[in-house]
Structures are given as structure tokens and as C-alpha cells.
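Subject: Structure handover

Hi there,

Here is the structure I promised to pass on to you. Please have a look at it first, and then read my notes below.

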Amino acid sequence: MPGDSNPLPRELAPGVFWLGACEEFHFKGDVIHSGDSLFLIVGDDASLLVEAGLPNDHSIVAEHLDELLAGAPDLRYIWPTHQETPHAGGIGRLLERYPTATVRGNVKDYHLFFPQFEDRFVTMDVGERLDLGGTEFVAVAPVIRDLITTQWGFDTRSSTLFTGDGFAYAHHHSADQCGRLAEEVSELDIPDMTGLFTDQSLTWARYTRMEPYVERLEQMLTELDVRVVAPTHGLPIRDLPAIMPSIAAGLLSAAGVGERYEGRPQ
């Protein structure tokens with residue numbers, strides 16, 4: 001369950017907020033934390049929620065949304081990066097709570113899980129934009145895919161890139177590290193944790209040359225002039241020059257792991 005002291009929500013950039021809470025786990029006598037993040041973009045005319053979160057996180061997410069949307073434009077859009085439970089499990093409860101909101105993105109399967117909301121799932125293809133007033137939210141092609149349906153998103157005003165399982169790393173941490181940015185936790189072993197997450201969650205990376213993916217990732221950051229990276233798993237990043245080399249090292253370390261595990265050629 002989330003701890004009693006939650007430093008979130010936290011504003012990452014003007015109009016972009018980090019929501020959610022860590023879960024506590026007991027491991028070898030210690031209490032460690034982990035979590036899945038959501039992000040709220042507040043425009044001048046409409047608000048958009050990136051990810052829908054886990055169903056058991058709904059109460060804390062609803063509390064954060066009540067706080068942030070007080071006096072702000074209504075939540076008009078919910079945009080999950082893909083269909084896995086940590087990213088989309090809370091859709092039903094959110095749609096019940098916000099009856100005028102619609103779910104956007106690659107929504108091809110959601111009606112099977114939430115048939116009562118079928119008319120509120122609207123396809124949003126890569127390259128399409130949602131005008132929130134003063135900023136636009138753009139669906140962009142992901143460099144790192146978890147599912148074939150995965151999309152990434154970009155907020156034009158803050159230059160924030162929402163990467164789902166990209167830039168992700170297993171980040172078990174202590175209570176004093178909750179709500180902190182990646183560059184604020186100097187002891188975090190990002191290369192090792194990125195490699196672990198990539199190996200365990202993106203199995204295809206074991207058998208893939210990751211250099212082209214790292215190159216494309218760096219190219220995207222430059223093309224979009226990204227200033228903030230907001231992954232669902234892993235701490236948000238505002239100091240890209242400091243953190244990107246560690247992310248790249250972790251991604252590269254996952255390649256070839258399959259050979260060690262299963263003796264297959266790369």
C-alpha cells in the first residue's frame with residue numbers, strides 16, 4: 001500500500017504534473033518502494049491524463065486529480081501508452097468518475113474489457129494532435145515498444161516526452177527517494193536497472209542489436225527538443241545530458257542476454 005507520506009503530485013514543467021504513489025514491499029528485512037507513474041497535462045481549455053494506472057491506485061490518483069483539476073479545465077482525454085494493466089487498468093473507474101472524458105490512442109482492444117464504454121474509445125494515430133489550449137498533445141512513434149500497439153506522447157508547450165516502458169528501469173528505492181527525479185538520486189544504478197528491466201520486460205532486446213535503437217532515441221530527443229522525459233516505470237528526467245548516457249548503457253547491456261540464458265545465437 002502507498003506510504004503515509006507521499007510527495008506527489010509534483011509539477012515537472014509548467015502544466016505537467018506527476019501523479020501516483022509508491023507501493024511498499026518487505027524484502028530481506030527492509031522496506032523498499034516501487035511504483036507506476038501517471039502524468040496530467042493541464043492546458044488552457046482541456047486536461048489530458050497520460051496512463052490510467054493500476055486499479056488499486058485509483059483512490060490516490062482520484063485524490064490527486066481532484067486537487068490538480070480544482071479550478072482547471074476538465075479532464076477531457078485519457079491517453080494510455082498501451083494495454084497492459086499498469087498503464088490501462090484504471091480506465092473503467094476513470095471513465096465512471098469523469099463522464100465526459102474519452103480514451104484516445106491505439107484503443108483497438110479496450111472495448112473487450114470495458115464494453116459499457118465502447119462509444120468513448122476514439123482512435124488516435126501516430127502524428128495526430130489534441131489541442132488542449134496553449135499546448136498540443138501529439139502521438140509519436142515509439143522507439144522502444146512493449147506491445148505492437150504502443151505509442152509515445154509529446155506535450156508541445158513543455159517539450160515533455162511520455163515514453164511508457166521506454167526509459168524504464170526497475171527502481172526499487174527507499175522512502176526518502178520517493179517523488180525525486182532521476183538526477184536527484186545519485187546512488188541510483190540506472191545502467192544496471194535499465195538493463196534488468198529491458199531484459200525482463202522487453203524480451204526481444206535479448207536478441208537484438210540495440211545500437212540503432214539508442215541512436216534513434218537520441219535523434220528523437222534532438223528533433224523534438226525534448227526537455228523532460230516522463231516514463232511510466234522509472235523516475236522522470238529533467239537533466240537529459242546527465243542521465244541519457246546511463247539509459248543508453250543500460251539498453252545496450254540487455255542485448256545478447258539471450259545467449260547466456262538460452263544459448264541461442266544473437
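The largest nonpolar core has 48 residues, and Leu-48, Phe-137 and Phe-167 have the most contacts inside it. By nonpolar core I mean a set of buried Ala, Val, Leu, Ile, Met, Phe, Trp, Tyr and Cys residues joined through side-chain atoms within 4.5 Å; buried is under 20% relative accessible area, exposed over 50%, and partly exposed in between, with a 1.4 Å probe and protein chains only. Helix α7 (residues 240-254) gives this core its largest share, 6 residues. There is also a second, separate core of 27 residues, with Ala-52, Ile-60, Ala-88 and Tyr-110 among them.

Before going on, please note that this is a predicted model, in which local features need pLDDT of at least 70 and side-chain atom pairs count only at pLDDT 80 or more, while totals for chains, interfaces and linings use all residues. Residues are numbered from 1 along each chain as its sequence is written, and side-chain values use heavy atoms, leaving out hydrogens and water.

What does Phe-167 touch, leaving aside its neighbours within four places in sequence? The contacts (heavy atoms within 4.5 Å) include Leu-217, Leu-221, Val-229, Pro-231, Leu-240 and Met-244.

Val-229 and Pro-231 also belong to strand β14 (residues 228-231), where they point one way while Val-228 and Ala-230 point the other way, and all are buried. Helices (H or I, at least four residues) and strands (E, at least two) are DSSP runs, numbered from the N terminus.

Now to the sheet. Five strands form an open sheet in the order β10-β11-β12-β13-β14, with mixed pairing; two strands pair if DSSP finds at least two bridges between them. The edge strands are β10 (129-131) and β14, each pairing on one side only. Strand β13 (residues 160-164) pairs with β14 in the parallel sense over 4 bridges, and Gly-164 stands opposite Pro-231 there. With β12 (residues 152-155), β13 pairs in the antiparallel sense over 3 bridges, and Phe-162 is the bridge partner of Gly-153.

Lastly, helix α1 (residues 58-69). Its buried residues include His-58, Ile-60, Val-61 and Leu-65, and among the elements covering the buried residues of α1 are β2 (16-19), β5 (38-42) and α3 (91-97). Gly-71, whose phi is positive, near 80 degrees, follows α1.

Best wishes
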